[in-house]
Amino acid sequence: MALLEIKDLHIALNDGSEIVKGIDLKVESGEVHAIMGPNGSGKSTLAQALMGHPAYRISSGDVLLDGASLLALGPDERAQKGLFLAFQYPYAIPGVTVTSFLRSAMNALRKARAGGEDDPIPIPEFRKQLAAATERLKVPRELLGRYLNDGFSGGEKKRVEILQLALLHPRLAVLDETDSGLDIDALKTIAGGVSDLVGPEMGAVVITHYQRILNYIRPDYVHVFAGGRFVAEGGPELAEQLESEGYDAYLPEAPSGAS
Ligand SMILES: Nc1ncnc2c1ncn2[C@@H]1O[C@H](COP(=O)(O)OP(=O)(O)OP(=O)(O)O)[C@@H](O)[C@H]1O
Ligand SMILES: [Mg+2]
């Protein structure tokens, strides 16, 4: 049984317009799948709809995690089942510090796993895990006491997304352009941190525009996503080819005379 299975998935906006037009994907534990495609092709729509974002409607198809459909579940329940999304544009939550956000998220998962009984992580254990993850991912400790993403730089937001990933131990991590905004050193550190987490316990879907992150999170498969569909699939070499040649070969031909 695949860790994640997407079957003939169609996703529409609430006004009915279809963005994702029938896709299939299987991800096993330990696998990394990269999704690359032009701006506006529907990559983030797919990522957010997988997580249960209310702006998107699954018009047909199914999404299974460990063999069970996610579609009737809310985003919190999907997270409890082991789905994780690192946002392309992380939200700020003024008033909630990074530390208290992380602890609440961990405790919510622990509670769900304990059958609804409170099972808060002991503070010393939380501190230990947080210190290890911040060190591994080189997250400045000063960020931990600030309000989540409030006034954070682009790169700081992306680091904190991956800090969440490291502490929450999902089954399947979807990273939506985590590389954009990261400087060169941070990209190595953060991508290396994600790569360490991929294994028997976790698979990953990495949405990106650039081949560079894939040097550090080696993909088993690269999928080209254009016009709401997967239009090509290959290995890591496909990412290199896209970087040098672009998407022209995968797009409908421009009308003649168009510049
Ligand atoms: N909530 C929404 N309301 C209106 N239009 C939307 C909404 N969400 C997505 N769209 C539209 O759907 C299309 C796909 O958007 P999406 O963000 O999924 O693209 P993307 O592939 O992630 O692009 P990028 O590479 O620029 O991040 C775009 O035309 C976008 O404007
Ligand atoms: Mg996007």
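**Close-up views of a predicted model**

**View 1. Strand β4 (residues 56-65) and β5 are antiparallel partners joined by two bridges.** This is a predicted model, in which local features need pLDDT of at least 70, side-chain atom pairs count only at pLDDT 80 or more, and totals for chains, interfaces and linings use all residues. Residues are numbered from 1 along each chain as its sequence is written, while chains are lettered from A and ligands numbered from 1 in the order in which they are written. Helices (H or I, at least four residues) and strands (E, at least two) are DSSP runs, numbered from the N terminus. Strands pair if DSSP finds at least two bridges between them. L64 stands opposite S69 in β5.

**View 2. Four strands make an open sheet in the order β2-β1-β4-β5.** Pairing is antiparallel. β2 (18-27) and β5 (68-69) are the edge strands, each pairing on one side only. Helix α1 packs on the sheet and touches β1 (4-13), β2 and β4. Contact requires C-beta atoms, placed from the backbone, within 7 Å. The direction of α1 makes about 70° with that of β4. Axes are lines fitted to C-alpha atoms, for helices over the stretch in contact, and angles run from 0 to 180 degrees between N-to-C directions.

**View 3. Ligand 1 sits in a shell that includes G40, S41, G42, K43, S44 and T45.** L13, I19, G37, N39, A55 and Q88 also surround ligand 1. Each such residue has its C-beta atom, placed from the backbone, within 6 Å of the ligand. Helix α1 (residues 43-51) gives the largest share, three residues. The shell holds three nonpolar, eight polar and one charged residue. Ala, Val, Leu, Ile, Met, Phe, Trp, Tyr, Cys and Pro count as nonpolar, Asp, Glu, Lys and Arg as charged, and the others, Gly among them, as polar.

**View 4. Helix α5 (residues 154-168) is mostly covered.** Eleven of its 15 residues are buried (20 or more other C-beta atoms, placed from the backbone, within 10 Å of their own). Among them are V160, I162, L163 and L165. The buried residues pack against β6 (83-86), α3 (98-113), α4 (123-136), β9 (172-176) and α6 (184-197). At 1.5 Å times one less than its number of residues, α5 should span 21 Å; its end C-alpha atoms are 22 Å apart, which agrees. H169 follows α5, with a positive phi near 50°.

**View 5. Strands β11 (residues 221-226) and β12 (residues 229-234) form a hairpin.** They pair in the antiparallel sense over five bridges. V222 stands opposite G234 in β12. Two residues lie between the strands; G227 in the turn has a positive phi of about 60°.

Conventions
Buried ≥ 20, exposed ≤ 12 C-beta atoms within 10 Å, placed from the backbone. Contact = placed C-beta atoms within 7 Å.
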